[in-house]
Amino acid sequence: MRRPFAARAGALLAATLLVGAFAVPASAAEGDDGFTIEDPRITESSGLAASHQHPGIYWTHNDSDDGPYLYAVDSATGKTVARLTLTGIGSPRDVEAISIGPDNKIYVGDIGDNLGGNWPYVWIYELPEPKTLADATVRATQYVVTYADGARDAESLIVHPKTGRVYIIDKNEDGGHLYEGPATLSTRGKNVFKPIATVDLWATDAAFSPDGTRLAVRGYFGGILYDWNGGEIERKGRLDVPLQRQGESVSYSADGTKLMYGSEGTGSSVVAEDAPGGGSSAKSPSGKDGSDSASDSSGSSAATGNVKFGALAVVAVVAAFFGFRRLLRRG
């Protein structure tokens with residue numbers, strides 16, 4: 001979401017300017033599975049979801065001021081191979097997230113709130129993932145969403161890959177909450193989402209692992225991995241989130257071995273990192289049993305191996321402006 005973030009533009013600009021001076025180029029291996037979004041129409045990629053039917057395809061969308069569109073991007077080329085136009089819904093306000101659930105259903109979260117938590121309701125759109133990739137018009141189902149404890153801003157919508165239940169994480173500088181929707185969304189009346197757990201991050205997106213056992217939550221400058229435990233989430237440690245211009249999205253790859261991190265901006269890059277526990281070469285999250293201090297101090301840890309000097313310099317600058325503590329309170 002651009003507007004709340006714009007208040008910190010000065011700090012981010014200073015940080016961005018330091019990247020060129022201090023950043024160490026990533027190794028070739030780190031970029032093998034990443035890609036750059038080439039479509040000039042995609043200027044504010046705010047959500048990312050790996051296709052369940054089309055290998056190597058990622059669905060994304062613009063934040064706001066675009067229209068009812070979804071884009072299928074081929075990670076091999078970075079080019080858009082299909083644009084879907086949604087019908088059967090109203091005019092999108094602030095689309096912030098996308099997730100794919102069971103039966104190849106795509107869920108789109110029109111859940112951002114540029115008024116800082118004043119919308120009386122937000123929307124979720126549901127549609128089938130097309131079997132053929134081509135520009136098309138698709139009719140979607142629209143659900144009205146409210147929160148049990150009042151309106152709020154949110155940018156993270158996730159659908160459990162086994163149960164199909166929908167969850168939202170609100171966006172709060174001091175940390176937010178995981179909200180659980182009804183077992184089945186209804187087009188009649190409002191779907192009330194209730195808080196069930198705290199999330200220790202200023203969350204900009206989240207993603208379930210393909211087997212539904214883990215939840216990855218990202219923010220602008222950090223991320224946390226949780227064990228799902230049926231919604232009673234347990235923090236396992238930090239995620240190695242790359243430094244990006246405005247990190248707004250995350251998705252597991254279809255096979256669960258990678259976490260794909262996206263950013264807003266024209267020609268933005270999607271960066272691939274090994275997913276903790278996702279395969280023999282995957283990295284473990286920083287820390288054990290919710291503690292990250294041990295790995296943070298170990299030169300052989302995965303986190304240390306991936307944190308570049310440039311990233312550390314940028315974080316230091318940003319921390320001087322508005323406090324890294326407020327981005328990751330218990331990091």
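**Terms and values**

Modeller: This is a predicted model, in which local features need pLDDT of at least 70, side-chain atom pairs count only at pLDDT 80 or more, and totals for chains, interfaces and linings use all residues. Residues are numbered from 1 along each chain as its sequence is written, and side-chain values use heavy atoms, with hydrogens and water left out.

Colleague: Why is D103 called exposed?

Modeller: Because its relative accessibility is 69%, and exposed means over 50% relative accessible area, buried under 20%, and partly exposed in between (1.4 Å probe, protein chains only).

Colleague: Why does N104 count as partly exposed?

Modeller: N104 has 25% relative accessibility, so it counts as partly exposed.

Colleague: Where do D103 and N104 lie, and what is the phi of D103?

Modeller: D103 is in the loop between β6 and β7, and N104 is in the loop between β6 and β7 too. Strands here are DSSP runs (E, at least two residues), numbered from the N terminus. D103 has a positive phi of about 60° without being a glycine; N104, not a glycine either, has a positive phi of about 55°.

Colleague: What makes a set of residues a nonpolar core?

Modeller: The members are buried Ala, Val, Leu, Ile, Met, Phe, Trp, Tyr and Cys residues joined through side-chain atoms within 4.5 Å. The largest such core in this model has 19 residues, and W59, L70, I98, I106, V108, Y125 and L127 have the most contacts inside it. Strands that each supply at least two residues of this core include β6 (97-101), β7 (105-110) and β8 (122-128).

Colleague: Which residues does Y125 contact, leaving aside its neighbours within four places in sequence?

Modeller: Contact means heavy atoms within 4.5 Å. Among the contacts of Y125 on that basis are L86, I89, P92, I106 and V108.

Colleague: How do you know that β20 and β21 pair?

Modeller: Two strands pair if DSSP finds at least two bridges between them. β20 (residues 258-263) and β21 (residues 269-274) have four bridges, in the antiparallel sense, so by the definition they pair. Within this pair, M260 is opposite A272, and the bridge partner of K258 is D274.

Colleague: Why are β1 and β19 said to stand at the edges?

Modeller: The open sheet has four strands in the order β1-β21-β20-β19, with antiparallel pairing. β1 (35-36) and β19 (247-252) each have a single partner strand, so one side of each is left without a neighbour in the sheet.
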